[in-house]
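This report describes a structural model in terms of its salt bridges, its strands and its surface.

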Amino acid sequence: GLIAVTASVDYGCATFMNVTFGAFNFNLFNGVSGDFFSGTFWLFVIILAFHALVNIAGGFRWETVSDGSLDTWNSLYELNLRTVVASCRAALPHLPSERGRIINIGANGAQKAAAGMGAYAASKAGVARLTEALAEELKDRGITVNALLPSIIDTPANRADMPKADFGKWVKPEQLADVIVFLLSSKSQAITGALLPVTGRV
């Protein structure tokens, strides 16, 4: 059996996934890098049974509406939202009732967008609304659907982009992974449709 994980090659964003699940420890996409908007790929990690989908594909671009391009809006929609819809549709026939799990990665910054964040926030807000709608759709099957809303994740790429920031306030990759592992577990069965902020001290 499998847990399926979608990931993006953009900015090596998937390096944050270091997960311990029971006796299993695995690193997902460690060191992956590539060009922005270069697409997504699938990785299947053998665990116990195919019971979960974790959508971590994503990308970011800061761009104002007045100086930006509609292409950015289209690209971030494709990368941040459409990939989630497509992977959910592919996984739904295979997820078991009563213990199936879908976990999406939204963004805390999508709850109130700052200047230059319009396209990114709009696409991640779509992930939040999709999570809520799909949770309602699947609740009678006992399949839970939740989303994490991280602030800034402490990755090498983010440190390079913001070298003067206080990295200690950011969310550590393993902290985000810990929440994902909990949501994959049987202890989270009563939680669905939740948008969970994971913001560190940002």
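K139 and E136 form a salt bridge in which the closest N and O atoms are 2.9 Å apart; the term denotes a side-chain nitrogen of Lys or Arg within 4 Å of a carboxyl oxygen of Asp or Glu. K139 is partly exposed, its relative accessible area being 45%. On this scale, buried means under 20% relative accessible area, exposed over 50%, and partly exposed in between, with a 1.4 Å probe and protein chains only.

The model is predicted: local features need pLDDT of at least 70 and side-chain atom pairs count only at pLDDT 80 or more, whereas totals for chains, interfaces and linings use all residues. Residues are numbered from 1 along each chain as its sequence is written, and side-chain values use heavy atoms, with hydrogens and water left out.

**Salt bridges**

The count of salt bridges comes to 4. Three of them are listed below with their closest N and O distances.

| Pair | Closest N and O atoms |
|---|---|
| R129 and E132 | 2.7 Å |
| K139 and E136 | 2.9 Å |
| D154 and R159 | 2.6 Å |

R129 and E132 are 3 residues apart in helix 2, so about one helical turn separates them. R129 is partly exposed at 46% relative accessible area, and E132 is also partly exposed, at 30%.

In the pair formed by D154 and R159, D154 counts as buried at 10% relative accessibility, whereas R159 is partly exposed at 33%. Salt bridges with shared partners join D154, R159 and K172 into one network.

**Fold and strand pairing**

The protein chain contains 4 helices and 8 strands; these are DSSP runs, with helices being H or I of at least four residues and strands E of at least two, numbered from the N terminus. Along the sequence, the elements follow the pattern β-β-β-β-β-α-β-α-β-α-α-β.

How many of the residues of strand 7 are buried? In strand 7 (residues 144–150), 7 of the 7 residues are buried, so the strand is largely enclosed by the rest of the structure. T144, N146, L148 and P150 point one way from strand 7, while V145, A147 and L149 point the other way.

Strand 6 (residues 101–105) runs parallel to strand 7 and is joined to it by 5 bridges; pairing requires that DSSP find at least two bridges between two strands. Within this pairing, I102 has V145 of strand 7 as its bridge partner. The chain passes from strand 6 through helix 2 (residues 118–138) to strand 7 in a right-handed β-α-β crossover. Right-handed here means that, with the strands pointing away from the viewer, the path from the first strand over the helix to the second runs clockwise.

Strand 7 also pairs with strand 8 (residues 195–198), in the parallel sense and over 4 bridges. In strand 8, L196 stands opposite L148.

**Burial, contacts and surface**

Of the 202 residues in the protein chain, 47% are buried. Among contacts (heavy atoms within 4.5 Å) with a separation of 6 or more, 74% are between residues 24 or more positions apart.

The accessible surface of the chain is about 9,900 Å², and 55% of it belongs to carbon and sulfur atoms; areas come from the Shrake-Rupley method with a 1.4 Å probe. V65, L70 and W73 make a nonpolar surface patch of about 350 Å². Such a patch consists of residues with over 30% relative accessible area and no salt bridge, the nonpolar side chains being joined within 5 Å. L70 lies in helix 1 (residues 70–91) and is exposed, with a relative accessible area of 68%.

Terms used
Patch = residues over 30% accessible without salt bridge, like charges linked within 9 Å, V, L, I, M, F, W, Y side chains within 5 Å.
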